[in-house]
Amino acid sequence: MLTGEIRGSVTERQINKAVIDQMYAEGFLYAKYGAYARRTHGFKIFKVPMNGGFTCPNWDGRISSEGCIYCPDFARQFTYESFRCVISKDIRAQVAHQIDYYKKKGAGKKAIVYIAFGTNTYAPVEDLRKIYDATLDHPDVIGLSIGTRPDCLPPEVLDLLAEYVDEGYEIWVEIGQQSVHYHTTESTHRGHGSAEFFRAVRECRKKNILSMVFLIMGLPYETPSEMVETARIVSEAGVDALKLYPLLVMHNTKLSVDYYSGRYRPISLTEYASIIADFLENLSPHVVVQRISKDCGLDGKVAPEWDTHRFLVGPMVDKILTLRGTRQGCRYKMGLSADELLPLQKASVVPEGL
Ligand code: SF4
């Protein structure tokens with residue numbers, strides 16, 4: 001809804017590659033979101049989680065009534081400490097409380113509200129408009145980051161989000177894809193494949209909506225090579241940012257049944273850190289990395305037994321990359337270059353007459 005008046009503060013529309021290149025020149029091993037956001041905005045920003053009261057088509061029966069095999073009551077257990085006391089309050093009250101809480105902790109100057117629980121684009125467009133308008137109705141909010149599924153971004157919803165972009169807000173869509181391998185999305189009962197993800201990223205890009213993808217490492221039957229290949233595939237899809245997590249086994253999920261019966265074995269901390277290092281090396285250098293582990297909402301965690309906090313995992317990944325002398329993007333490549341197309345045996349033959 002363009003009113004002739006800019007409501008937002010005209011923030012990010014696309015990733016600034018020059019800023020990321022400068023970060024590498026300063027010694028960053030990967031494009032860390034916090035540092036990147038501070039440089040591009042010129043001040044510290046913070047994200048606050050908010051509950052818009054959404055359900056999910058993989059729970060309410062539209063796609064399935066069972067949910068993904070690892071989903072505990074569509075993520076309602078994944079709450080932040082600051083958030084528990086307001087989770088059922090009116091949207092404006094939640095946002096005000098969260099911003100006050102984080103500002104008192106020195107989190108930053110302006111906030112992006114992360115609509116976090118369930119599928120937060122899964123409602124009629126006019127209902128979405130009311131929820132998003134209420135969320136943006138705070139002087140310190142510069143944008144939204146909306147968690148959703150790749151199959152829940154129809155053209156009308158993207159058009160609505162594009163209106164907020166035009167009004168000067170920074171709009172992110174956080175796409176819960178988790179894996180780009182079809183056998184994994186099928187065996188984990190996602191109810192969608194990878195085609196929806198590619199379309200969602202492409203359509204977001206056309207409308208200057210920033211896209212972020214959630215990916216889980218350690219999903220059942222997915223090999224380390226597949227996890228690393230995912231880095232190249234999401235880079236090629238054109239995502240702007242990503243969040244990486246280890247697969248958590250939570251109470252009262254189908255995955256917990258597989259875990260207790262021995263059919264699912266979580267990856268170890270060492271395996272995880274090594275996969276994340278490999279993943280980052282194979283990722284485009286210009287994809288911003290928002291998280292590489294899981295450190296909130298761990299109530300009800302059954303496995304893995306190791307501490308998944310980023311303060312433990314982050315330094316391990318840094319150490320691996322430092323010891324290898326590598327960084328994000330150093331192995332990002334799709335196929336052979338033109339120089340490499342000469343077959344090896346022919347390349348070693350000296351042409352006659354020379
Ligand atoms: S898409 Fe998300 S909210 Fe829906 S069932 Fe799967 S994990 Fe839960």
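Let's start at L144: leaving aside neighbours within four places in sequence, L144 is in contact with I112, V113, I115, Y132, T135, L136, Y164, Y169, I171 and W172. Contact here is a matter of C-beta atoms, placed from the backbone, lying within 7 Å. This is a predicted model, where local features need pLDDT of at least 70 and side-chain atom pairs count only at pLDDT 80 or more, while totals for chains, interfaces and linings use all residues. Numbering runs from 1 along each chain as its sequence is written.

Seven strands make up an open sheet with parallel pairing, in the order 1-2-3-4-5-6-8. Strand 1 (45-50) and strand 8 (288-291) sit at the edges with a single partner strand each, so one side of each has no neighbour in the sheet. From one strand to the next, the twist averages 25°. Strands are DSSP runs of E, at least two residues, and helices are runs of H or I, at least four, both numbered from the N terminus; two strands pair if DSSP finds at least two bridges between them. Strand 5 (residues 210-217) and strand 6 (residues 241-246) run parallel and are joined by six bridges, and V213 has L242 in strand 6 as its bridge partner.

Helix 4 (residues 125-136) lies across strand 1, strand 2 (110-115) and strand 3 (141-148), at about 140° to strand 3. Such angles run from 0 to 180 degrees between N-to-C directions, with axes fitted to C-alpha atoms, for helices over the stretch in contact.

What about the core? The largest nonpolar core has 89 residues, and V113, L144, L242 and I276 have the most contacts inside it. Helix 10 gives the most to this core, with seven residues. A nonpolar core is a set of buried Ala, Val, Leu, Ile, Met, Phe, Trp, Tyr and Cys residues joined through C-beta atoms within 7 Å; buried means 20 or more other C-beta atoms within 10 Å of a residue's own, exposed 12 or fewer, and partly exposed in between, again with C-beta atoms placed from the backbone.

Helix 10 is mostly covered, with ten of its 14 residues buried. Those buried residues pack against strand 5, helix 8 (224-237), strand 6 and helix 11 (310-324). Not counting residues up to four places away in sequence, L280 touches Y30, L321 and Q328. L280 and L29 are 251 residues apart in sequence, yet 9.0 Å apart in space, C-alpha to C-alpha.

Definitions and conventions. Two residues are in contact if their C-beta atoms, placed from the backbone, lie within 7 Å.
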